[in-house]
Amino acid sequence: MVEDVSDALSEAREDVARFLMSYKFAIDTLMAKVNILNEEFRYTNDHNPIEHVGSRLKTPYSILEKARRRGVPLDLDSIAKEILDIAGIRVTCSFVSDTYAIRDMLAGHEDIRITEEKDYIRSPKANGYRSLHLLVCTPVRMSDRTVEVPVEIQIRTIAMDFWASLEHKIYYKYAKAVPQDLLDELRTAAETANRLDVTMERLHGEVRELGDRAQNPLPGPDELRRLPIAAELLDALADRVNSRRSD
Ligand code: 0O2
């Protein structure tokens, strides 16, 4: 009897380990893709949109807790169908426009299928939370089969990440019962973080424009003359000036 229970337990532990393994491999697969983007930008572009990349695999305890909270039956098939953020990746970007650029780059991968997008940047949560959430599916090749594994990708700016990390800590410190005045301050802080993002994006655009101008200064008169349309215009102008002079 004791042996039966012990066998059943070790079998269940093995099932859970195998179940979680596919999520870990999905994270590894996607992290490799994001890291390639990161390296590529670091070496070949003047601006790297990626500041930081992290990942996490939900713990069995956290998965069970979420399943119980959501009323999901506690078997692996139901959990696989209903709990879609067992694997998570977070990409922290410099600017808001970078978050969408990263989304588009990921969407361009043939083995990344975006199944859901929650844009909490354009439509922030009531508490002020902002982030772009993508639910994606990616194939993972195991020894005997290929499985499609869901991964939640959160893409946000440094300012959004700073706010979310602190809000998360406060939320847990107060065991999810945060006093109203603190909630109000958090909302105000989220608005401040948003203003910071807007300002940094504008400054980034201005600096970029200055850089472009330094590299491609406005054409001088000789260069202008070489452009057919400009030469035509200059000739027409010269004709007009000459005809005025002779009047
Ligand atoms: P962890 O430890 O970060 O994974 P639910 O998953 O039930 O909360 P939903 O609608 O399935 O709700 O997911 P949603 O809205 O896409 O958010 C899921 C994840 O986004 C959360 O995962 C957080 O990481 C993050 N998030 C969402 N809202 C907030 C928020 O108000 N504040 C902060 N700091 N983070 C948020 P987990 O599982 O809660 O936590």
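M200 sits in helix α6, residues 180-215. I noted that M200 forms a nonpolar surface patch with L196 and L203, and that together they have about 260 Å² of accessible area. I keep in mind that this is a predicted model.

Next, the charged surface. I found a patch of negative charge made by E3, D4, D7, E11 and D15. I checked D4, which lies in helix α1, residues 2-44. I put D4 down as exposed because its relative accessibility is 52%.

Salt bridges came next; I have 17 for the structure. I looked at R18 and E14, whose closest N and O atoms are 3.7 Å apart. The two are four residues apart in helix α1, so about one helical turn separates them. R18 is partly exposed, at 43% relative accessibility.

I then turned to K58, which forms a salt bridge with D85 at 3.8 Å between the closest N and O atoms. This pair links distant parts of the chain, 27 residues apart: K58 is in the loop between β1 and α2, D85 in the loop between α3 and β2.

I recorded both D85 and K66 as buried. R56, K58, K66 and D85 are linked in a salt-bridge network.

Last, I checked the domain assignment, which gives domain 1 (2-208) and domain 2 (217-246). Their centres, taken over C-alpha atoms, are 58 Å apart.

Conventions: Residues are numbered from 1 along each chain as its sequence is written. This is a predicted model: local features need pLDDT of at least 70, side-chain atom pairs count only at pLDDT 80 or more; totals for chains, interfaces and linings use all residues. Side-chain values use heavy atoms; hydrogens and water are left out. Patches are made of residues with over 30% relative accessible area and no salt bridge: like charges are joined within 9 Å, nonpolar side chains (Val, Leu, Ile, Met, Phe, Trp, Tyr) within 5 Å. Accessible areas come from the Shrake-Rupley method with a 1.4 Å probe; for residues, only the protein chains shown count as cover. A salt bridge is a side-chain nitrogen of Lys or Arg within 4 Å of a carboxyl oxygen of Asp or Glu. Lys and Arg count as positive and Asp and Glu as negative; His and the chain ends are not counted. The place of a charge is taken as NZ of Lys, CZ of Arg, CG of Asp or CD of Glu. Buried means under 20% relative accessible area, exposed over 50%, partly exposed in between (1.4 Å probe, protein chains only). Domain bounds come from an automatic or database domain assignment.
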